[in-house]
Amino acid sequence: MNAIFALVFLASASLCLVLAPDAFLPALLKGGEKAVTLSVALLAVYCVWLGFFKVLESSGLAEKLTKRLFPLSKRIFRSDDKEALFAATSNLTANFLGLPGAPTPLGIRATQKFCEAKNDYAADMLFVLNATSLQLLPVTVIALRASLGSAAPYDIILPTLAATLISTLLGALLVRLTARRRNARQKIRRRRNA
């Protein structure tokens, strides 16, 4: 990916230098200024939301929410490993609340536990649920819209919720279907080998 970005930058810079050499340096400086402004805005949002998640953890609310979701997660992931399910449920809860960066270590821990238990289905399901990321509050997108001067940065909440709900349901359904096919193939192979 870095090579592709480098090639795009070099091609763009070359074209700009050939077609409009006077515009190259101002465009480069303006792009750098926008990147720094955006980074600072996102850093502030991440700090606020990660702090909020830390307060949720310290107060015990995150654990209570995770425990309430525990029976559902047991069915979703088809696992009895409490530690893995706790990490997976915490990961999904953080994603649902739109807390950027917070779910990653939890997801990695849950995936490691599922893989150690040779529960490929649970690891696949967690991967898909993370990729589709059902979100109630798309914090990063709201922050981007606000930093770029949107008149209504929160208008994205309902469309994001609808889109992520549909993608999450479809992804979970596909994991279930492919797991059934995989299990059927494994049974056929066992019969042939027996």
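A pocket is an open set of grid points with protein on both sides within 12 Å along at least five of seven lines, and its lining residues have an atom within 4 Å of a point. The views below show a predicted model.

**View 1. Lining of the second largest pocket.** Arg78, Lys118, Asn119, Asp120, Tyr121, Ala179, Arg182, Asn183 and Gln186 line this pocket. Two or more of the lining residues come from each of α6 and α8, and α8 has the largest share, with four residues. Sorted by class, the lining holds four charged, three polar and two nonpolar residues. The volume of the second largest pocket is about 160 Å³.

**View 2. Lining of the largest pocket.** The space in the largest pocket amounts to about 540 Å³. Its lining has 22 residues, and those nearest the centre are Leu72, Ile76, Leu92, Leu129 and Leu134. At least two lining residues come from each of the helices α3 (61-77), α4 (82-96), α6 (120-132) and α8 (157-193). Of the residues in this lining, 14 are nonpolar, six polar and two charged.

**View 3. A nonpolar patch on the surface.** The patch consists of Phe9, Leu10, Leu25, Leu28 and Leu29, which together have about 510 Å² of accessible area. Both α1 (2-19) and α2 (21-59) give two or more residues to the patch; α2 gives the most, with three.

**View 4. Phe9 within the nonpolar patch.** Phe9 belongs to helix α1 and is one of the residues of the nonpolar patch. Phe9 counts as partly exposed because its relative accessible area is 49%, and the class lies between the limits of 20% and 50%.

Technical notes:
Residues numbered from 1 in each chain as written. Predicted model: local features only at pLDDT ≥ 70, side-chain atom pairs only at ≥ 80, totals over all residues. Heavy atoms only, no water. 1 Å grid on protein atoms, 1.4 Å probe; cavity = no way out; pocket = protein on both sides within 12 Å on 5 of 7 lines; lining within 4 Å. Points joined across faces, edges and corners; volume = space filled by probe spheres on them. Nonpolar A, V, L, I, M, F, W, Y, C, P; charged D, E, K, R; others polar. Patch = residues over 30% accessible without salt bridge, like charges linked within 9 Å, V, L, I, M, F, W, Y side chains within 5 Å. Areas by Shrake-Rupley, 256 points an atom, 1.4 Å probe, with all protein chains shown as cover. Salt bridge = Lys/Arg side-chain N within 4 Å of Asp/Glu carboxyl O. Buried < 20%, exposed > 50% of the residue type's maximum accessible area, 1.4 Å probe, protein only.
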